[in-house]
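Subject: Structure handover

Hello,

Please find the structure below. My notes on what was found in it follow.

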Amino acid sequence: MAKHSSSGKYAIIGLGVVAGPQSGRSERMVAAEAARRAIEDAGLTRADIGGAIDLRRSGGGGDRASYTDAYPRVLGLANGFYFTSGRGGALAGLGIATALSFLDRGIADYVCLMGAVTDWSQAQESRKQGHRGMAHAEKAGYWGKPLGDLRAVSHHSWMAARHMAVYGTTSRQLGAISVAERAWACMNPEAKMHGRPITIEDHQSSPLVAEPYHLLDISLVSDGGIAFILTTADRAKDRPKPPVYLLGQGFDEVSAELWWDKKNFTHMAVGRAREQAFRQADLSLDDVDCAQLYDCFTGEVLFQLEDYGWCKKGEGGAFVESGAIGPGGSIPVNTGGGLLSCYHLGDLTGMAEAIRQLRGEAGERQVKDCNVVLTTGHGGELVSPGMCSIHTCTLLGRHP
Amino acid sequence: MSDAQSAGGGTWNKPRPNIDHDNAPFWEGLRRHKFLLWRCHTCGAAYWPKAYCRNHDNAPFAENMAWEEASGRGKLFAFNRHHVAFHPGFKSEIPYVYALIELDEGPLVSSTLVGGRQPKDVYDVGQRVEIVYEDHPTEGFTIPRFRIVD
């Protein structure tokens, strides 16, 4: 089977990352700075950027779609189009898909895609007002709020709980995911949890938040911004940094079947997304050198390992316990530390790490001969009493 | 169907229900101690929350369907136990069990489990449950809770 005509025809040529607490800075400035760094990294100037996409978590638990001043004006881009794209934590995957139609028709030669958050700083502010966690970030009025369903963990923890009840998965096995990602984070100086290794016992003794989830099953609250420049493969040659080629993409939704079958608490909507992406790229799972799996909680990692087929459904617990996803494992997962231990910028966290791995810039944590990386996104508005719906799969490669 | 009622009253210091055009009849049913599901008159399928029937074509605005009284009974599907109060109104209730209930008619619904019988751990699911109506007359709504009955 031949790969799709689009496979290898687009490439990421610039990456800009703003990491760590950004107290005292607006989200606009973090956004503009990430974009500035990406443009510089690509060896371009502001005048080269034909269009700009703002990767916003609208439609998820937190709705940041409304604000008055966007990063292209702040940075002084001369872009011909700008819009927001994204759904919950599914940001970069959707942004890439939409950018291609502008590149195809010559509307833009280079598109800048950027996502920024100041969740951590805002949480510090709301803490002063007596709230706990990201009080500002959750949408008002969904079904469970009067019942105590107040944060993402209030319902996402059902995924772990149901998987445990059906397949006998244990909290210690979920902890193995936290431990593995922390081990990767300890090789990433940019990670929030760099220098703070953990053990399974640390996971087990961390406070219960929404049982079965302990604190160490839950992703970080972060500040930061990540931008990247997407262009056509012919323009990607002779740039300062090696191009990272887009090999395939696919999408699927929980609301298509899984929610109706009541399987969305043990499965994610991987099926069509996987099939589409791998078919376009004419690759198989064995070709994937490392995976950047959306990890808002440990359970999502477990589900995806099973749903993609690295192990059988229900056997994810034993698989992660064997050390398969950590340093030295058979399928390195979230090699920068992921949302659990690096920082939480939706699927941009994994996208940035994928670019670095494929460029050979990942330092101590570099995966040897890294040619193909799978990245995923996950998100969407809540369906009572359900789950984030969309799943995005993006295959990136060192070669077209 | 049980008409069990848990102590409501007092000042409601938690987020209020989000009652809109689609679910107002459901909330009105709770006020009358009736647990309603959205049912298709063509094929009998039950839905919660409101949706067009997936099994066949529908009348405009799904007028082939209506809110109808259901059993208010089901099984414990999965649950978590909140140890943290993310809102001050829940401080006196932690730890509380927030559960997914698989209704006898099919749909999943979520609420907290009340009463003396609580699941012992996350593997302890499948018990029969039934609706408990928690009235808040001064607020104008009734909150649905569930309790284990077997």
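In which sense do strand β2 and β3 of chain B pair, and over how many bridges? Strand β2(B), residues 36-40, and β3(B) pair in the antiparallel sense, over two bridges. Please keep in mind throughout that this is a predicted model.

One of the residues to look at in this pairing is Arg39(B), whose bridge partner in β3(B) is Ala46(B). The two strands belong to an open sheet of three strands in chain B, with the order β3-β2-β4 and antiparallel pairing. Its edge strands are β3(B), residues 46-47, and β4(B), residues 65-69, each of which pairs on one side only.

The loop between β3 and β4 of chain B holds Glu63(B). Is Glu63(B) buried or exposed? Glu63(B) has 9 C-beta neighbours inside 10 Å, and a residue with 12 or fewer counts as exposed, so Glu63(B) is exposed. From Glu63(B) to Tyr52(B) the distance is 9.0 Å, C-alpha to C-alpha, and the two are eleven residues apart in sequence.

Next, the helix. Helix α1 of chain B covers residues 24-31, and Phe26(B), Gly29(B) and Leu30(B) in it are buried. These residues lie on the same side of α1(B), because they cover an arc of only 100 degrees around the axis. What do the buried residues of α1(B) pack against? They pack against β2 and β4 of chain B, and also against β8 (128-136) and β9 (141-148) of that chain. Just after α1(B) comes His33(B), with a positive phi of about 60 degrees.

Chain B is divided into two parts: domain 1 spans 19-70 and domain 2 spans 71-150. Taken over C-alpha atoms, the centres of these domains are separated by 22 Å. Where they meet, ten residues of domain 1 of chain B are in contact with twelve residues of domain 2 of chain B. On the domain 1 side, α1 and β3 of chain B each supply at least two residues, and the largest share, three residues, comes from α1(B). By class, that side has eight nonpolar, one polar and one charged residues.

Strand β5 of chain B is the next item. Why is β5(B), residues 73-82, described as largely enclosed by the rest of the structure? Eight of its ten residues are buried, so the description follows from that count. β5(B) pairs with β6(B), residues 96-103, in the antiparallel sense over eight bridges. β5(B) also runs antiparallel to β8(B), to which three bridges join it. Lys75(B) takes part in both pairings: its bridge partner is Glu102(B) in β6(B) and Arg128(B) in β8(B).

Two bridges join it to strand β5 of chain A, residues 208-211, and the two strands run antiparallel. The bridge partner of Ala210(A) is His82(B), and that of Glu211(A) is Arg81(B).

How many residues does the contact take from each chain? It takes 31 residues from chain B and 31 residues from chain A. On the side of chain B that touches chain A, β5, β6 and β7 (108-112) of chain B each supply at least two residues. By class, that side has 18 nonpolar, eight polar and five charged residues.

Regards

Methods
Residues are numbered from 1 along each chain as its sequence is written. Chains are lettered from A and ligands numbered from 1 in the order in which they are written. This is a predicted model: local features need pLDDT of at least 70, side-chain atom pairs count only at pLDDT 80 or more; totals for chains, interfaces and linings use all residues. Two strands pair if DSSP finds at least two bridges between them. Helices (H or I, at least four residues) and strands (E, at least two) are DSSP runs, numbered from the N terminus. A residue is buried if 20 or more other C-beta atoms lie within 10 Å of its own, exposed if 12 or fewer, and partly exposed in between; C-beta atoms are placed from the backbone. The arc is that of the directions from the helix axis to the C-beta atoms. Two residues are in contact if their C-beta atoms, placed from the backbone, lie within 7 Å. Ala, Val, Leu, Ile, Met, Phe, Trp, Tyr, Cys and Pro count as nonpolar, Asp, Glu, Lys and Arg as charged, and the others, Gly among them, as polar. Domain bounds come from an automatic or database domain assignment.
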